[in-house]
Amino acid sequence: MASGLIRSLGRGHELRLVEPEEVDAAIDDSVAVLMLTEVDYRTGRLHDMAGLTVRAHAAGALTLWDLAHSAGALPVDLSGAGADFAAGCTYKYLNGGPGAPAFIYVAPEHLETARPALSGWMGHEAPFAFDLDYRAGARIERMRVGTPPVIALAALEAALDCWDGVDMADVRRASIALGDLFIAEVERRCPGLELASPRDGNARGSQVSFLFDEGYAAMQALIARGVIGDFRAPRTMRFGFTPLYIGEAEVRAAAAILEEVVAGRLWDRPEYRMRSAVT
Ligand SMILES: *Cc1c(COP(=O)(O)O)cnc(C)c1O
């Protein structure tokens, strides 16, 4: 998205990629926008949103946070952090279903000046006037492009109903405990796997990743046994924890099945090695 936008703008911006540990040091006054995924999709490593936003603003940069692995996984305080923009999806920890609508956030101070890249009719100040001149809608309404996907939104609304009355701090506490338990169980049962996530639960999102050379086939074998994680090349096995419906018993059972798969080399079958488009 960033490379495409740079090309569309044609104003000579440059996409600089830096390692997570080097982000802080890479922020200087040549940076226009600090764009970060708060929780790294591979390792689950969590960035300090508030601290990095302060750093970016001091250097004159805007911040854009990707909340794909944050929304529904941990408390997010965009306004408390002073974040400028955010985007996220609702089909991961919010259970909206594949293809569920995404969301964006624009800080109130930018609402009158931020221009949507796509000036769609539903973002017009008066969509049903069918004006030939585009006039941006008043505030966040201008970010709407076309007709909302109502059927997908209805499914998402039902998924979000589950969160009524849920305190994210409770979810966070339970999520860290489940992640800690999974790490302890897997390290005890599968010494050949290497932890790729921060050991400190406060430095992780709601996922735990382990490295294993046969991770792809092993994940297929796990899925065949009802333990649904995923795989990210070259050798990351990724497990997400959703405390609203996953508890200690499931975490222990998943680790036991992982041990069977690894210790018994159950992954070593041709059908588990066949790569599919979705991993
Ligand atoms: C899943 C994910 C997204 C969502 O992308 P979609 O196009 O909505 O599927 C965005 N960013 C990151 C880092 C993700 O992991």
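Contact here means heavy atoms within 4.5 Å. Helices (H or I, at least four residues) and strands (E, at least two) are DSSP runs, numbered from the N terminus.

Now the ground rules. This is a predicted model: local features need pLDDT of at least 70, side-chain atom pairs count only at pLDDT 80 or more, and totals for chains, interfaces and linings use all residues. Residues are numbered from 1 along each chain as its sequence is written, and side-chain values use heavy atoms, with hydrogens and water left out.

Start with the domains. The protein chain splits into domain 1 (2–101 + 148–163) and domain 2 (168–273). Those bounds come from an automatic or database domain assignment. Taken over C-alpha atoms, the two centres are 25 Å apart. Domain 1 puts 17 residues into the contact, and domain 2 puts in 23 residues. About 1400 Å² is buried between them, and carbon and sulfur atoms give 62% of that. Buried area is the accessible area (1.4 Å probe) that two parts lose on being put together, summed over both.

Next, helix 8, residues 248–263. What does it pack against? Take helix 6, residues 168–189. The two axes come within 9 Å and cross at roughly 25°. Therefore helix 6 is roughly parallel to helix 8. On terms: axes are lines fitted to C-alpha atoms, for helices over the stretch in contact, and angles run from 0 to 180 degrees between N-to-C directions. Under 35 degrees is roughly parallel, over 145 roughly antiparallel, 65 to 115 roughly perpendicular, and the rest oblique.

Which residues meet? From helix 6, Leu178, Leu181, Phe182, Glu185, Val186 and Arg189. From helix 8, the list includes Val251, Arg252, Leu258 and Glu259. The residues of this contact are nine nonpolar, no polar and five charged. Nonpolar covers Ala, Val, Leu, Ile, Met, Phe, Trp, Tyr, Cys and Pro; charged is Asp, Glu, Lys and Arg; the others, Gly among them, are polar.

Helix 7, residues 215–224, also meets helix 8. Their axes come within 10 Å and cross at roughly 130°. So helix 7 is oblique to helix 8. Ala218, Ala221 and Leu222 meet Ile257, Leu258 and Val261.

Last, the backbone. Most residues other than glycine have a negative phi, and most peptide bonds are trans. Ala233 and Pro234 are joined by a cis peptide bond, omega about 0°. Pro234 sits in the loop between strand 7 (230–232) and strand 8 (236–240). Asn95 has a positive phi, near 60°. Its loop runs between strand 3 (85–88) and strand 4 (103–106).
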